[in-house]
6 protein chains.
Amino acid sequence: MTTNRADGRANNQLRPVKITRNWIANAEGSCLIEFGNTRVLCVASLTEGVPRWRQGSGEGWVTAEYSMLPRATSQRSQRESVKGKIGGRTHEISRLIGRSLRAVVDTASLGENTIVLDCDVLQADGGTRTASITGAYVALADAIKWGQKNGLIPLDKAHQKVLKDSVAAISVGIIDGEPRLDLPYEEDVRAETDMNVVVTGSGEFIEVQGTAEHAPFTRAELGALLDLAEGGCKELAVFQEVALSE
Amino acid sequence: MTTNRADGRANNQLRPVKITRNWIANAEGSCLIEFGNTRVLCVASLTEGVPRWRQGSGEGWVTAEYSMLPRATSQRSQRESVKGKIGGRTHEISRLIGRSLRAVVDTASLGENTIVLDCDVLQADGGTRTASITGAYVALADAIKWGQKNGLIPLDKAHQKVLKDSVAAISVGIIDGEPRLDLPYEEDVRAETDMNVVVTGSGEFIEVQGTAEHAPFTRAELGALLDLAEGGCKELAVFQEVALSE
Amino acid sequence: MTTNRADGRANNQLRPVKITRNWIANAEGSCLIEFGNTRVLCVASLTEGVPRWRQGSGEGWVTAEYSMLPRATSQRSQRESVKGKIGGRTHEISRLIGRSLRAVVDTASLGENTIVLDCDVLQADGGTRTASITGAYVALADAIKWGQKNGLIPLDKAHQKVLKDSVAAISVGIIDGEPRLDLPYEEDVRAETDMNVVVTGSGEFIEVQGTAEHAPFTRAELGALLDLAEGGCKELAVFQEVALSE
Amino acid sequence: MTTNRADGRANNQLRPVKITRNWIANAEGSCLIEFGNTRVLCVASLTEGVPRWRQGSGEGWVTAEYSMLPRATSQRSQRESVKGKIGGRTHEISRLIGRSLRAVVDTASLGENTIVLDCDVLQADGGTRTASITGAYVALADAIKWGQKNGLIPLDKAHQKVLKDSVAAISVGIIDGEPRLDLPYEEDVRAETDMNVVVTGSGEFIEVQGTAEHAPFTRAELGALLDLAEGGCKELAVFQEVALSE
Amino acid sequence: MTTNRADGRANNQLRPVKITRNWIANAEGSCLIEFGNTRVLCVASLTEGVPRWRQGSGEGWVTAEYSMLPRATSQRSQRESVKGKIGGRTHEISRLIGRSLRAVVDTASLGENTIVLDCDVLQADGGTRTASITGAYVALADAIKWGQKNGLIPLDKAHQKVLKDSVAAISVGIIDGEPRLDLPYEEDVRAETDMNVVVTGSGEFIEVQGTAEHAPFTRAELGALLDLAEGGCKELAVFQEVALSE
Amino acid sequence: MTTNRADGRANNQLRPVKITRNWIANAEGSCLIEFGNTRVLCVASLTEGVPRWRQGSGEGWVTAEYSMLPRATSQRSQRESVKGKIGGRTHEISRLIGRSLRAVVDTASLGENTIVLDCDVLQADGGTRTASITGAYVALADAIKWGQKNGLIPLDKAHQKVLKDSVAAISVGIIDGEPRLDLPYEEDVRAETDMNVVVTGSGEFIEVQGTAEHAPFTRAELGALLDLAEGGCKELAVFQEVALSE
């Protein structure tokens, strides 16, 4: 098959996906997820109790923090801890990951526990936020199992109830007029339109974020991109299931 | 006509829109825009020169800053200047406004000039980011005219060239299972799904940001919401044109 | 009458004063106050409870925050929220407004409630701190009435008791050797001496801040400036009374 | 003579004043100034060049920074360097000191040099800002002499030209209905009205800052306070002259 | 052999050491170094040019930044980027790593190039600073080779000249009265005395930092600890040499 | 005796030491300590209660903050309060002082009280951290006596029990190949190796921090430096004892 992509992939093909569970010994859940050269360490920390504004609600809380090591990218960037403030992009992605994971958690079944998902990009080659969401789901699932085994999450709240569904995410975009799946960095910067899509295991949408980077897009193009993303997320859901069943 | 909305609007109906141009005497462009009770002051500041990383490119720069007065909302919130840092939501909306406006500007025709769009929410009742984008376009158009009259933007670069198109934005969402246009605060908090859509005057998309707040959404629901948004933005483009022709 | 002022005013004449009450729908008290082209939005937020260090005292607390929109002035200035810290001038004016308002409030009659006065300068043409104090008094008076109607401020504490007096403020200065009342920006920058005076409705002083900007001033000049300020504040007290009786 | 003051002073009497010149070996000018138990280290640093916004003006710049050691007061306060921001009171006093000193300097004669005055309160017992101004003048005078000896300030710009006059400051206030000079901490907190007055050696005013702390003040009371302050500053000018002639 | 250590090691025995070179594809030098369960990613970024204060000196600059992922430890800690400031411990370790590496670099032979060493602790079990120094040396050596191959470091400056020696570091301490080498977390917290020692490949000291945590130490104990550290660093130098020769 | 030192001292000779107790009237303990031209104000503040993480432990807490006035050095440096953050060096020294003092305090005997040691360098000429530790011990001893007299530290906990020993510190270094005691600034910058040593009154070590500034050091050189430091600290212990017995 002929392809116009630098890495020889078909337009609807994912990069190689690899999920290494329990990469961090002490965490309640963790994995190292790789989408091609993009490598993100996703760690879930489960603790009793919830933030003050949620106390007494009987409901849990799930939140996320995304960050990039200074040399994850080809040019070293300054640490946000050194700058003394978190940039807009980091904030935005942390919020996206948190929202995406909360969408599949039944916080009442979680009880008054907090799960923090740390997604640290060790190496970046496009798609860091979608890899983060996809890997964070695996870490989250393990942390919930840990909480159930260790009695933090009440016994009569079965696993299938705390997690209402699985969730994965992928980037899609239009490059040289072609809709393509799972953009590496060199496609991402050239994309006319760029979209991140978060989809549940049962195929419904949690988040659609499409941006015209170099040219506005039509309703038809939007449709083509959503088709690609639905297919990609279906495949990712299988990778997650396999990883969690090992 | 029967309606289930608290303010009696049809599901595809905008709130009353009002654009008061030149609200700030000294600015190169400004307007006070109102979407119902949401009231945003949009001010465009045009200055010669561009940020260091863009110098010598021959291209201009357009950026935006969004902020909310502490008592724009029903509960007073702490000032970000007092907290000493800008929150994630503020960053995210500022970036969205900047991207949306840049999408209709031909930065080469703008020359090495910078336009900063300040969108300050004086009163908030839902849709502050979409009102900001819609009003910022009017302020931007006036600032460009000012720059052309005052010789900062070269004479042979006609108005229609600097602005490739107009741009407007609206929120849509699913409330009680019904897709609705232009959500006030009380609908916004109850929405199962919530979407902000940025559309050009010629009807193409610049940004689509859909979020499942309380329930994932289907492809069909996504389609219904985009239909509503396209209609709303078409009307807003007329309001903008009328305001600019006065 | 001949005058040396650019706007044709007599040296003892105020600029046009306009007070628009209840500019913000949801606030306990608010007004938009204008001294000529200076336009300040003054909003009072009343909440139950007081800061920790005052709890159990039976007394209320009144404080103020002053801020300027980035393009209130003829040159855009950087937001203090973006800089990450509040400048000395902002701090100083916020403290002045808070002290001036507290001077007319009987905090024991207020009960353990807090009133925050937000004074946001939308357009600046000199006298922003004096307009802020004058407008903040109107917002404060309305917030106290609201608190009494809604039972936060105990019934047996009548209105006249919480507010011991009214308060207004005006700037005066010596320009080209002439003492003048209510300086716009272009006079303010040229003033040899510049003074802000805060006066109660009954004609006593709350604050006198005189600064030799370009030349020290004599005891006689100080006297002439205080005469002007007393007259100006007497007029402002009438504007406040009229606004509050509407 | 009978007196109502805890330390037995007459109402128009200063606390013991002590000025120790050259307390810091390496500085261009310095003194330790004491007003009773208030002890401030005033250090002047003279460097070539001026801030960017003043370059090419041919004029110098004088600025000041005021700070208090954490245990200068009877209760330890947190360091502003630890809090990560400078408080409103510190800003306000630093600005006052800078303005007061600039008022007696002919910046054109100074040439493009910068003098920073650091006023660090080692022990505080009221009047720290007035002691700072009074001591900073001595440090400033020495730094200017140093600059002239070392050729930074051009030879044909004689000393009397750079310093147009001397400057001193004192606090006054009304306690138990009595106007009093030079308030120690225990009078300062009880004062109905409190005023800081900055006066030149030739007896003109540079700054008058009067605040009604517990009760508004009349025009007559204001007059009585200014009389006291004029007398006190005249005495301080003699202390300065003696110190500088040693 | 009998041992009192939880992991069965002899008192003078290192934990298993593992150095994985080139863990980051795009960096000029990098390795993942493991001392038992302690796992640090060391990345060297080489760029042309030096900080402003060193420009024109003809000499290069080497600096380091140490950081810990939030869940490297058994309890999640807050990110320093979120706190908005870097803690004292982080600063101290970053400075130690920088000093240690600079001690073996001939900055004149490096030319006006800057090497930043990022040491990010992915998993922490004691000895993170000594693992960082040991791994950073490997990344540094690779970055220098890269700079020589790519012409940034002049050809006539041979490898052996830029790096004057190798450098490694190890922790030692007294636990239950016994001097021990390479403390894991559980020994580190119980140590009466704790010392970090940085030693060159030729066996000289670069840094000795000994701290009495629970009891002062004698000159004899100090000697025993130094003996252990010299032995440990000699072994680490072999691990480094092997890794770099692969 | 011949000497190579600029100030004519023998290599094993301290600079003139001067300790002025109770320099701050209101503090529980304080002294001004001088090592030659280095002048540090050490103040101990004793308050009831401990930080939250130590509450209920029955044990007290001792901590320290080190800072330098901007013109303590020959070039004025920017205030850390103005920069908005504390530098690495300041953090490191504050931590060292706190550790050194805690090493001689029996926190159980101290009871749930906190002592903060503020060490503010008024004039700097090398050895500021060692002078700080030496002076802080004197202030600490006085604060403990104050606490015992005033009933904060329980009666049956005698003085000798709270303070297990005295503590002093000195710098040593190798300059031009010679080991020397108590380095002033001009020797400190030239030192090949530089070491700070903290020693108890009974001659045991609390902290040894040796750094190769310009050349690695041998085990024999390390020994020579420790010999010098032990001698210097023994002398300082006498100065402390004399000061405390006055």
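1. Helix 4 of chain F is largely enclosed by the rest of the structure, because 19 of its 22 residues are buried. Buried here means under 20% relative accessible area, with exposed set at over 50% and partly exposed in between (1.4 Å probe, protein chains only). Helices (H or I, at least four residues) and strands (E, at least two) are DSSP runs, numbered from the N terminus.

2. The model is predicted: local features need pLDDT of at least 70 and side-chain atom pairs count only at pLDDT 80 or more, whereas totals for chains, interfaces and linings use all residues. Residues are numbered from 1 along each chain as its sequence is written, chains are lettered from A and ligands numbered from 1 in the order in which they are written, and side-chain values use heavy atoms, leaving out hydrogens and water.

3. Helix 4 of chain F covers residues 128–149 and spans 31 Å from its first C-alpha to its last, close to the 32 Å expected at 1.5 Å a residue. That expectation is 1.5 Å times one less than the number of residues. After the helix comes F:G151, which has a positive phi near 80 degrees.

4. In chain A, helix 4 (residues 128–149) has 22 residues and reaches 31 Å between its first and last C-alpha, close to the expected 32 Å. Of these 22 residues, 19 are buried, and the helix is mostly covered. A:G151 follows helix 4 of chain A and has a positive phi, near 80 degrees.

5. Chain D and chain F are in contact (heavy atoms within 4.5 Å), with 30 residues on the side of chain D and 30 on that of chain F. About 2700 Å² is buried between the two chains, 51% of it on carbon and sulfur atoms. Buried area is the accessible area (1.4 Å probe) that two parts lose on being put together, summed over both. In chain D, the residues that lose the most area to chain F are D:W23, D:R71 and D:R79, together 24% of what that side buries.

6. Between chain D and chain F there are 12 salt bridges, each a side-chain nitrogen of Lys or Arg within 4 Å of a carboxyl oxygen of Asp or Glu. D:E65 and F:R76 form a salt bridge through their side chains, at 3.0 Å from N to O. On the side of chain D that touches chain F, two or more residues come from each of strand 3 (38–48), strand 4 (61–68), helix 1 (80–83) and strand 5 (113–123) of chain D. Strand 5 of chain D gives the largest share, 6 residues.

7. E:E92, E:F205 and E:R219 supply 24% of the area that chain E buries against chain F, more than any other three residues.

8. The count between chain E and chain F is 6 salt bridges. In one pairing, E:R219 forms a salt bridge with F:D227, with the closest N and O atoms 2.9 Å apart.

9. Two chain pairs are without contact. Chain B and chain F do not touch, and their nearest C-alpha atoms are 11 Å apart. No contact joins chain C and chain E, whose closest C-alpha atoms lie 11 Å apart.
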